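Subject: Structure handover

Hello,

Here is the structure I said I would pass on. My notes on it follow below the model.

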Amino acid sequence: YSTSGVDIKPEFPGGVTEFYRYIGKNYKLPNVEKLAGKIYVTFVIEIDGSITGMKVLRDIGYGTGEEAIRVLSKCPKWIPGEHNGQKVRCTYSLPISVKTN
């Protein structure tokens, strides 16, 4: 399911703000001056809350997409989505903004 087709959307423990805090804390920026852009990734939140099927849809290079996959692979389990009272797999898309000095 996409997150729009479920009754209860999947949620990171603590909410989306905590998820972005987790990404910001664990994402290692490449050592490239004046790099800026967005990386778009998609993944599946399984019925047990784990993340699988991570794909980089758009990357800005310098290993930024690979780093996004690394951080997501170590991500704590989510609270899965539900449809008609049953836990279901959901796809989730995430933009990650990157900016170096």
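**What was found**

Of the protein's 101 residues, 38% count as buried, where buried means under 20% relative accessible area, exposed over 50%, and partly exposed in between (1.4 Å probe, protein chains only). This is a predicted model, in which local features need pLDDT of at least 70 and side-chain atom pairs count only at pLDDT 80 or more, while totals for chains, interfaces and linings use all residues. Residues are numbered from 1 along each chain as its sequence is written, and side-chain values use heavy atoms, with hydrogens and water left out.

**Overall layout**

The protein has two helices and five strands, and along the sequence they follow the pattern α-β-β-α-β-β-β. Helices (H or I, at least four residues) and strands (E, at least two) are DSSP runs, numbered from the N terminus. The C-alpha trace spans about 50 × 25 × 20 Å along its principal axes. Among contacts with a separation of 6 or more, 74% are between residues 24 or more positions apart; contact means heavy atoms within 4.5 Å.

**The sheet**

Three strands form an open sheet in the order β2-β1-β5, with antiparallel pairing. Two strands are taken to pair if DSSP finds at least two bridges between them. β2 and β5 (90–99) stand at the edges with a single partner strand each, so one side of each has no neighbour in the sheet. From one strand to the next, the twist averages 25°. Axes here are lines fitted to C-alpha atoms, for helices over the stretch in contact, and angles run from 0 to 180 degrees between N-to-C directions.

Strand β1 (residues 36–45) and strand β2 (residues 51–58) run antiparallel and are joined by five bridges. Val41 has Leu94 as its bridge partner in β5.

**The helices**

α1 lies across β1 and β5 and runs at about 50° to β5. α2 also packs on the sheet, where it touches β1, β2 and β5, and its direction makes about 160° with that of β2.

How do the two helices meet? The axes of helix α1 (residues 16–26) and helix α2 (residues 64–73) come within 10 Å and cross at roughly 120°. α1 and α2 are therefore oblique to each other: angles under 35 degrees count as roughly parallel, over 145 as roughly antiparallel, 65 to 115 as roughly perpendicular and the rest as oblique. On the α1 side the contact is made by Phe19, Tyr22, Ile23 and Asn26, and on the α2 side by Glu67, Arg70, Val71 and Leu72. These residues divide into five nonpolar, one polar and two charged.

**Two buried residues**

Thr64 is found in helix α2 and is buried, with a relative accessible area of 1%. Leaving out residues up to four places away in sequence, Thr64 touches Tyr27, Pro30, Leu35, Ile39 and Asp59.

Val98 sits in strand β5 and is buried too, at a relative accessible area of 3%. Val98 and Ala36 are 62 residues apart in sequence, yet 5.3 Å apart in space, C-alpha to C-alpha. Apart from neighbours within four places in sequence, Val98 is in contact with Tyr27, Leu29, Leu35, Ala36, Gly37, Ile39 and Ile60.

**Two loop residues with positive phi**

Lys34 is in the loop between α1 and β1. Its phi is near 55°, a positive value in a residue other than glycine. Lys34 counts as exposed, at 72% relative accessibility.

Asn84 lies in the loop between β3 (81–83) and β4 (86–88). Asn84 is not a glycine either, and has a positive phi of about 55°. At 63% relative accessibility, Asn84 counts as exposed.

Regards

Terms used
Ala, Val, Leu, Ile, Met, Phe, Trp, Tyr, Cys and Pro count as nonpolar, Asp, Glu, Lys and Arg as charged, and the others, Gly among them, as polar.
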